[in-house]
Structures are given as C-alpha cells and as structure tokens.
Amino acid sequence: MTKPADDLRAQTSLPLIVGPMFLVSNADLVLASCKEGIVGSFPAGSKWTAADFETFLKDVTDGLADYKAKNPGKTVAPYSINLSVRKNSARLQADLALCEKYKVPVVHASGAVTPEIVKQIHSYGGIIVQDALNAEEAKHAVAAGVDGIIAVAAGAGGQAGTVNPFVLLGEIRQFYEGLLILAGGLTTGKDILAAQTMGADFALMGTRFLATKESAAEPDYKKMVLNSGSSDIIYTSAISGIAGSFLKASIEQNGYDAEDLRKRGPGADKIPTPPGEEGKAWKYVWSAGQASGNITDLPSVADLSDRLKTEYADAKIALAKKLGLGPKPAAPKAPTP
Ligand SMILES: Cc1cc2nc3c(=O)[nH]c(=O)nc-3n(C[C@H](O)[C@H](O)[C@H](O)COP(=O)(O)O)c2cc1C
C-alpha cells in the first residue's frame with residue numbers, strides 16, 4: 001500500500017468509509033462510525049449556511065476529542081468532509097477555510113479538484129480524495145495531486161457511475177498506484193474483502209448506512225430501502241438534473257411515472273420541481289443504490305460495525321480455505337523406535 005493508504009489503514013479498524021449522503025448523514029452517524037474505527041463522512045452542503053457547517057464541525061471535533069480522552073487505546077477513525085468543488089463559489093471558499101480552521105482530517109471532493117485546493121488541504125496536514133465515475137475523472141484527479149480516488153461504480157446510491165466495478169478499478173490501476181476506494185453496491189464484510197481483492201485499498205458504503213438507526217433518513221425512507229430490490233432503483237437525471245439512483249416507490253409517491261423515467265434513462269430532462277422546493281429535489285424524491293436489494297434490517301452503527309468486522313474476518317478465512325492457503329495439517333508423527 002502507498003503512504004496515504006497505510007496511514008488511513010493505521011487509523012481505522014476496518015478498511016471502510018461511510019459515504020457522505022446529502023440530507024441523510026448527520027453528526028450522530030459520523031460520530032458513531034468514527035467511534036467504531038470506520039471513517040464517517042458528511043457533505044458540507046447538507047448545512048444550508050457556512051455558519052451551520054461550522055457548528056457541525058465544532059460538535060464533531062469536540063465529540064471525538066471527548067470520546068478519545070475517555071477511551072484511550074481505542075481506534076477512533078478520522079472523519080471526512082465532502083465538498084462539491086463543481087462551482088468555485090463564495091460558499092466553497094468559506095467551507096475550505098473552515099476545513100483548514102478545524103484541520104478536517106479527510107476532505108472528499110466531488111467534481112474536478114484543482115492543485116490549489118489540494119495545496120490548501122495539505123497545508124495543515126489533511127488528506128484529500130476525489131470521487132471519480134470513470135477513468136477520465138480519475139486521471140484529472142491524479143494530475144491535480146490528490147491523495148486518493150473514490151471509484152464510484154454502477155449501481156451506487158446518489159450520483160452513481162455507469163461503469164462495472166472490475167473495469168473501473170482495472171482501468172484506474174493502469175495509471176494509479178495510490179489510495180483507491182471502491183463504492184457502489186457494497187453491504188457486507190465479504191464485499192469489503194472482495195473490493196480489496198479487486199485492487200481497492202478501502203471500501204465505501206452509502207446505502208447500507210442509510211439503513212441504520214442513526215441516519216437522518218425519515219422512517220418511511222428507511223422502510224422503503226428495506227422493501228426495495230435492485231430493480232426498484234431508477235437511474236435518471238430527471239430528478240435533479242444530474243443522473244442519480246432513486247427509489248422507484250419514492251418517485252411514484254410523488255406522482256411521477258417511474259417506469260417512464262427508467263425508459264428515458266440518464267439523459268432524461270429534469271421534471272418540474274414543486275413551487276418553493278427548487279434545489280431540494282432530494283428532499284422529496286429519495287435516493288438509494290442497488291445495494292437496497294441486500295439490506296434487510298435497520299441496525300445501530302455499533303451493531304452493524306461488529307457484524308461487518310466479523311464477516312470480514314470470516315471471509316478472509318473462508319477465502320484462504322477456498323484457495324488452499326489454510327493451515328497445513330500436522331505431519332504424521334515419526335514412529336518411535
Ligand atoms: C441518499 C444519498 C445521498 C448521497 N449524497 C452524496 C453527497 O452529497 N455527496 C457525495 O459525494 N456522494 C453522495 N452520495 C453517494 C455516497 O456517498 C456513496 O458514493 C454511494 O452511496 C455508494 O454506493 P452505495 O449506496 O451502493 O453504497 C449519496 C448517496 C445516497 C444514497
């Protein structure tokens with residue numbers, strides 16, 4: 001592994017990041033994840049003002065410092081902040097300044113990051129990763145000097161990609177040896193090991209953690225994830241103008257024809273937003289990934305983390321056995337003369 005990958009692994013108890021989820025991530029989810037040794041993430045844009053974002057940063061920084069002081073020796077993972085760098089807005093500058101002020105340990109950029117942003121995060125010792133839906137976006141991120149790439153494969157929740165995960169990781173590994181994180185459809189400890197076997201260093205899960213006690217998703221939203229299979233996920237740009245994965249039942253609940261949107265695909269025109277709700281599409285049409293098909297419960301983050309750690313350890317043993325790498329049977333004792 002490369003240095004950022006080694007450093008992050010040393011600060012975590014499972015090679016796992018909980019993905020940032022607009023209007024779903026909250027301080028409880030971030031704190032609970034980090035306390036279990038898993039990187040917890042939050043999208044800065046989920047707070048409507050920079051002042052509210054600063055309050056969030058203060059709460060998380062204080063919460064983790066307090067927990068570390070009371071639990072010496074426990075692995076407490078760093079947290080990550082997701083910044084959309086698509087527009088160089090006044091808000092982005094304010095959010096970057098806050099990341100610097102609070103020394104945010106991991107910054108996750110969405111959109112094409114610039115070398116200036118990378119320099120700003122490095123100036124205080126932070127690490128910066130960028131998400132990429134395809135090899136071209138990953139190449140741009142590498143050129144800008146990022147410390148890691150999140151490869152977002154087909155079927156992911158939120159603004160998913162369309163590339164098969166094997167192909168996406170393989171293509172990125174042709175030009176990049178650094179920290180590589182796979183996202184899209186992962187729900188179990190076995191999936192984390194599989195991601196590593198495919199060439200990733202870390203896994204990232206979104207939808208799996210949406211369906212936890214701590215997430216801010218409404219109870220009906222969580223229930224809808226449990227009741228949805230992978231074919232109940234519609235990939236369309238009609239909801240927010242950018243292609244993303246949405247729950248069919250939620251689209252229908254809002255009076256839209258989900259099957260029509262599926263047919264029109266990612267190029268569909270944006271459907272009209274209810275008056276007064278402009279820019280808030282995700283508040284009323286709910287996003288989740290194909291992983292919904294493998295999620296059947298709503299555990300606490302602590303219970304889910306325990307389960308993922310056990311599954312990951314068991315998967316290593318099962319794989320070693322499958323590959324004939326298990327402990328060799330003891331050699332028969334030589335007969336005593
Ligand atoms: C409801 C929801 C909101 C999301 N919001 C964001 C976001 O604000 N920023 C971002 O980079 N990714 C966002 N994502 C994507 C996740 O961070 C992650 O990449 C994705 O969920 C991984 O796929 P999975 O859901 O199959 O695990 C969102 C995903 C969901 C389900």
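Predicted model: local features only at pLDDT ≥ 70, side-chain atom pairs only at ≥ 80, totals over all residues.
Turning to the overall layout, the chain is divided into two parts: domain 1 spans 3–217 + 297–320, and domain 2 covers 229–284. A distance of 25 Å separates the C-alpha centres of domain 1 and domain 2. Where the domains meet, seven residues of domain 1 are in contact with seven residues of domain 2. On the side of domain 1 that touches domain 2, four residues are nonpolar and three are polar, with no charged residues.

Helix packing comes next. Two packed helices are described by the angle between their axes and the distance between the axes. For helix α2 (residues 27–35) and helix α3 (residues 50–70), the angle is about 30° and the axes are 10 Å apart. Angles under 35 degrees count as roughly parallel, so α2 is roughly parallel to α3. The crossing of this pair, α2 and α3, is right-handed. From α2, the residues A27, V30, L31, C34 and K35 take part, and they meet F56, D59, V60, G63, L64 and Y67 in α3. In the contact of α2 with α3, eight residues are nonpolar, one is polar and two are charged.

Helix α3 also packs with helix α4 (residues 90–101): the axes of α3 and α4 come within 10 Å and cross at roughly 20°. The two helices, α3 and α4, are therefore roughly parallel to each other. Here too the reader may follow the handedness, as α3 passes α4 in a right-handed crossing. The α3 side of the contact is made by A50, F53, E54 and L57, while α4 brings R91, A94, D95 and L98. Sorted by class, the contact of α3 with α4 has five nonpolar residues and three charged ones, and no polar residues.

A further pair is formed by helix α8 (residues 189–197) and helix α14 (residues 301–322), which pack at an angle of about 55° with their axes 7 Å apart. How do α8 and α14 lie, roughly parallel or oblique? The angle makes α8 oblique to α14. The handedness of the crossing of α8 and α14 is right-handed. In α8, G189, K190, I192 and L193 make the contact; their partners in α14 are L308, K309, T310, E311, Y312, A315, K316 and L319. Six nonpolar, two polar and four charged residues make up the contact of α8 with α14.

Methods: Residues numbered from 1 in each chain as written. Axes fitted to C-alpha atoms, helices over the stretch in contact; angles between N-to-C directions. Helix = DSSP H or I, 4+ residues; strand = E, 2+ residues; numbered from the N terminus. Parallel < 35°, antiparallel > 145°, perpendicular 65-115°, else oblique. Left-handed = near helix turned anticlockwise from the far one by under 90°. Contact = placed C-beta atoms within 7 Å. Nonpolar A, V, L, I, M, F, W, Y, C, P; charged D, E, K, R; others polar. Domains from an automatic or database assignment.
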